[in-house]
Amino acid sequence: MEGIVKNIDRRALLKTGAALGGGIIASGMPLSQVIWAAEGKVLKATAAEELGTLDPGFYGRSYEVNVMNCLYSKLTRYKPGSQWGWDLEAAEKIEQVDPTHIRFRLKKGIKFTGGYGEMTAKDVKFSFERIIKHNAPGVFDIGTLDHVEIEDDHTGVIVFKAPYVPAWTIIFPYATGHIVSEQAVMKATKDGGNFGMNPPAFSGPYVLAEWKQNQYTLLTRNPDWSGPKPGFDEIRIVPINDTKTAERAYLAGDVDFTTISLDSLATFKSNPPPDTKVEEHPSLRTIWLGMNMDNPKLKDIHVRKAVQWAINVPQIVDTAYAGAANVATGSIAPGIVGHREKALIPPEGDLAKAKEFLDKAGVSDLELTLDCDNSGIPGIIAQTIQAQLSQIGITVQVNAQDTGSYDSIGQESEGDRWKDVQLFIRNDSSLPDPSYYMLTFVKAQVGIWNWERFSSDRYDELNAKAMTIEDTNERAKLYYEMQDLLEESGANRFLTNGATAVVYRPTKVQPATRPDGVPLYVDFKPA
């Protein structure tokens with residue numbers, strides 16, 4: 001795997017700056033000339049961020065999972081299409097035996113590369129239990145999973161400490177569901193820990209042939225793959241964290257599939273480039289304004305309430321998304337269990353009420369900072385909020401920074417920066433289960449991803465209970481209350497779930513995506 005940098009630290013990688021800094025497009029040369037001469041069936045696509053790791057248990061970004069889907073096998077996988085669902089992948093059969101036991105039987109003949117033999121139930125056990133052993137980032141996805149019992153080479157039982165409904169929508173078909181070779185990982189890491197950007201073995205339709213940091217990822221067919229033949233001989237993915245740059249790469253013919261910005265959507269639809277099809281998908285992303293409740297300037301709930309009521313959400317959506325995104329009613333996107341019909345605070349806010357809250361706090365001439373990443377849309381949102389808060393006498397300084405720096409501002413492990421955080425824009429991906437997003441705000445996440453430092457015993461109690469309830473109506477009621485608690489704290493102003501717009505060349509590719517527009521590369525077909 002020539003060109004692959006070993007043991008890359010995710011934050012160090014992201015701190016190198018924008019994906020194009022010194023990269024291929026920045027050089028002024030067409031991607032097609034710099035990276036590849038198309039031979040055979042080649043899928044060329046963009047990704048919004050660079051890879052930081054290809055270890056499923058230690059993943060940090062959804063874009064990493066999109067690549068992992070090509071390299072490893074999971075028990076189940078998301079179905080492509082407009083409706084959320086899953087199909088069997090590595091599992092020949094999987095069933096819920098009782099509320100805390102799920103039995104699986106692996107398909108025979110799934111091989112690991114590098115001579116590491118056939119996938120067995122021992123590899124499934126190792127893949128899940130290493131996440132728990134190393135307290136890896138994926139531990140928050142696997143919930144109450146405790147251990148895996150082996151019945152024979154291909155059969156095992158996954159045992160949970162308590163019922164965990166999201167197993168079917170998060171654990172198995174997403175990141176932590178990818179099965180790695182115990183023998184290969186132990187040989188490469190000694191203790192089963194993070195192998196980063198140096199995977200020791202593959203079990204999916206593709207292998208990682210080459211990775212050049214901030215330039216491209218090259219996947220080629222896995223010669224040991226015995227499953228359905230994938231559509232392309234090669235997949236080439238270019239990291240471009242600015243959608244406008246991605247659009248230019250598409251227009252130049254350098255890629256055949258990319259996400260575009262929503263403010264460009266109307267133009268692409270009304271005047272599409274030659275040989276181009278445009279698709280719109282609802283998004284599961286959650287974009288919101290958060291406030292650090294422990295910062296001295298924001299400790300008073302009346303100040304936080306003033307900020308909440310001063311924000312006009314439809315105006316933000318019109319400015320940042322050209323009106324092409326929804327107005328959020330809470331943290332859970334439409335179509336997902338727990339989505340609220342309306343927020344507690346009207347979308348348009350109320351400047352008079354906002355000023356009343358400031359008066360109650362006895363605050364005037366307030367100056368606040370607002371942090372966001374520099375990927376484009378968050379900056380527009382931040383500037384709009386800056387203008388809105390000025391209407392009630394709050395002066396806001398916008399601090400836009402590269403993704404690597406921004407990702408660490410609320411994390412105590414990165415030092416004392418979190419103490420200076422005041423307002424911030426978060427733009428987080430999610431999955432088709434409400435628990436994936438709502439887990440962010442439990443007390444255990446304070447100083448990690450709970451940058452608001454929101455702390456509620458009642459919220460934690462509801463969160464734990466909601467993951468055990470199969471009845472969707474009863475489950476939804478708990479998530480309604482949890483979103484109310486977040487909003488009532490004054491630390492959140494829900495903005496939008498965004499939307500996903502993609503363009504592709506129908507003469508080159510037949511794309512396959514999840515219902516939210518996220519690409520499932522293994523299901524792409526050549527035209």
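Is asparagine 222 buried, partly exposed or exposed?

Guide: Asparagine 222 counts as buried, because its relative accessibility is 6%; buried means under 20% relative accessible area, exposed over 50%, and partly exposed in between, with a 1.4 Å probe and protein chains only. This is a predicted model, in which local features need pLDDT of at least 70, side-chain atom pairs count only at pLDDT 80 or more, and totals for chains, interfaces and linings use all residues. Residues are numbered from 1 along each chain as its sequence is written, and side-chain values use heavy atoms, with hydrogens and water left out.

Asparagine 222 sits in the loop between β11 (216-221) and β12 (234-239); helices (H or I, at least four residues) and strands (E, at least two) are DSSP runs numbered from the N terminus. Setting aside neighbours within four places in sequence, asparagine 222 is in contact with Thr113, Phe202, Ser203, Gly204, Pro205, Tyr206 and Val207, where contact means heavy atoms within 4.5 Å.

Another loop residue can be described in the same terms. Threonine 329 lies in the loop between α9 (313-321) and α10 (351-361) and is buried, with a relative accessible area of 13%. Not counting residues up to four places away in sequence, threonine 329 touches His339, Arg340, Glu341, Lys342, Ala343 and Phe494. Proline 347 is 18 residues from threonine 329 in sequence, and their C-alpha atoms are 8.1 Å apart.

Backbone angles pick out two further loop residues. Most residues other than glycine have a negative phi. Aspartate 365, not a glycine, has a positive phi of about 50 degrees; its place is the loop between α10 and β16 (367-373). Arginine 453, also not a glycine, has a positive phi of about 60 degrees and is found in the loop between α14 (434-438) and α15 (457-466). Aspartate 365 is exposed, at 70% relative accessible area, whereas arginine 453 is buried, at 12%.

Next, the rings. A search of the whole structure finds 18 aromatic pairs; rings of Phe, Tyr and Trp (its six-membered ring) pair if their centres lie within 6.5 Å, and planes under 30 degrees apart count as stacked, over 60 as edge-to-face and the rest as tilted. One of them joins phenylalanine 128 and phenylalanine 172, a tilted pair at 6.4 Å centre to centre with 55 degrees between the planes. This pair links distant parts of the chain, 44 residues apart: phenylalanine 128 is in helix α4 (residues 121-133), and phenylalanine 172 is in the loop between β8 (155-160) and β9 (178-179). Both phenylalanine 128 and phenylalanine 172 are buried. Tryptophan 449 and tryptophan 451 have ring centres 5.9 Å apart and planes at 20 degrees, so this pair is stacked. Tryptophan 449 is partly exposed at 30% relative accessibility, while tryptophan 451 is buried at 2%. Ring pairs also link Tyr59, Tyr78, Trp84, Tyr174 and Tyr436 into a cluster.

As for the setting of these parts, the chain has 16 helices and 22 strands. Buried residues make up 57% of its 527 residues. Along its principal axes, the C-alpha trace spans about 70 × 55 × 40 Å. Among contacts between residues at least 6 apart in sequence, 70% join residues at least 24 apart.
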